[in-house]
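Trainee: I would like to learn how to read aromatic contacts and pockets in a model. Could we go through them one at a time?

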Amino acid sequence: MKETVRTIGIVGTGMIASSMAVLCTGHGFRTVVYARSEESAQKCKNSYEAAFAQLVNHGLISEKQLDICRTYLILTYDYSDFCNAETVFECVKEDPEAKHEVYRKIEEHCNDLRALCSVSSSIVPDILAEGMQRYADKIIVTHPFNPAHMVPYFELCGSKHTAEGVIDYAVALLEELDRKPVVLKKPAPGFIGNRLQFALWREALAIVESGIADPRDVDKCLNYSFCPRYTSIGIFENFDSGGLELNYAVSKTLFPVLSDAKTVSHLITDKIDAGNLGQKTGVGFYDWRDTDMDAYRARVNEPFWKFCNWNLPEE
């Protein structure tokens, strides 16, 4: 794949974009990151360096190897530097208009694009392809989870416009990047990961809202009951092993009483109205103001270090 892919483009400088830059340069791909300003470019570079510093600190990469990886990164303010990109990962905000603006620039400046990959968390590719011309048949979703260089799962889907071979090409590229891609049989808002995650989130909110338990107890349940199991086996494996007769009996009891809320819980909207937006404002469901954030980030990343065993570039 490296022999046929000369350049990977990344549009954006946020968390996912910076993480994708780490992933691509860490596998020896020439990676061009488009930034809208010097400030956003510096923010991306800082995130890039911080991510690699963690890899160095965990003994997964040497300083010499890091120096080599850095040579594959190009930050630019000009879309014309994408002219030779075979693949572009679009990592801008979750807004179709903003994404379409990017796609028009890519259509203008990319000479021979093989895949235009959106990291959208919920927007289906049919909407992304609307109004596009030259590369409408190259637009697909390749949704990762943050940070993309550590969490190996990617979920892919194309639209009714997607040309034959585009998904297969993207899967092969992601596999060379040591990712674990899954291709959806058809597009669906939220894809797989967020549909599962937000179904669990809806029930967690309902448990708190109805007075069954508080947020800390819900989190304790997840930490010390079934969630650790799902780091090594899947949910279908789990329920198969427990027996479908038992599964049927429990489903029959629980399904009628589980939350089927169609609107956002007041537990969220009340906090937003009060300006309590979570970690970034210091208060959300938790009070973060005295939290050791380095220790917290270490806990977040702990399950994923085992996936960072890469075939690093040697020159």
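**Aromatic pairs and a pocket**

Mentor: This is a predicted model. A search of the whole structure finds nine aromatic pairs.

Trainee: How is the pair of Trp201 and Phe285 arranged?

Mentor: Trp201 and Phe285 are edge-to-face, with 5.7 Å centre to centre and 90 degrees between the planes. The pair links distant parts of the chain, 84 residues apart: Trp201 is in helix H7, and Phe285 is in the loop between H11 and helix H12 (293-301).

Trainee: Why does Trp201 count as partly exposed?

Mentor: Buried means under 20% relative accessible area and exposed means over 50%. Trp201 has 33% relative accessibility, so Trp201 counts as partly exposed. Phe285 is also partly exposed, because its relative accessible area is 33%.

Mentor: Another pair, Tyr286 and Trp288, is tilted, with 6.1 Å centre to centre and 50 degrees between the planes. Trp288 counts as buried because its relative accessibility is 18%.

Trainee: Which charged end sits over the ring of Phe285?

Mentor: That of Lys271, 4.9 Å from the ring centre.

Trainee: Now the pocket. How much space lies in the second largest pocket?

Mentor: In general, rolling a probe the size of a water molecule over the atoms shows where empty space is left. Here, the second largest pocket holds about 520 Å³. It is lined by 19 residues, and the closest to its centre are Phe198, Ala199, Arg202, Ala261 and Thr263.

Trainee: Which helix gives the most to the lining of the second largest pocket?

Mentor: H7, with nine residues. Helix H11 (266-273) also supplies at least two. The lining divides into nine nonpolar, six polar and four charged residues.

Methods. Residues are numbered from 1 along each chain as its sequence is written. This is a predicted model: local features need pLDDT of at least 70, side-chain atom pairs count only at pLDDT 80 or more; totals for chains, interfaces and linings use all residues. Side-chain values use heavy atoms; hydrogens and water are left out. On a 1 Å grid over the protein atoms alone, a cavity is a set of points where a 1.4 Å probe fits but cannot get out, and a pocket is an open set with protein on both sides within 12 Å along at least five of seven lines; lining residues have an atom within 4 Å of a point. Grid points are joined across faces, edges and corners, and a volume is the space filled by probe spheres set on the points. Helices (H or I, at least four residues) and strands (E, at least two) are DSSP runs, numbered from the N terminus. Ala, Val, Leu, Ile, Met, Phe, Trp, Tyr, Cys and Pro count as nonpolar, Asp, Glu, Lys and Arg as charged, and the others, Gly among them, as polar. Rings of Phe, Tyr and Trp (its six-membered ring) pair if their centres lie within 6.5 Å; planes under 30 degrees apart count as stacked, over 60 as edge-to-face and the rest as tilted. Buried means under 20% relative accessible area, exposed over 50%, partly exposed in between (1.4 Å probe, protein chains only). A charge sits over a ring if NZ of Lys or CZ of Arg is within 6 Å of the ring centre and within 35 degrees of the ring normal.
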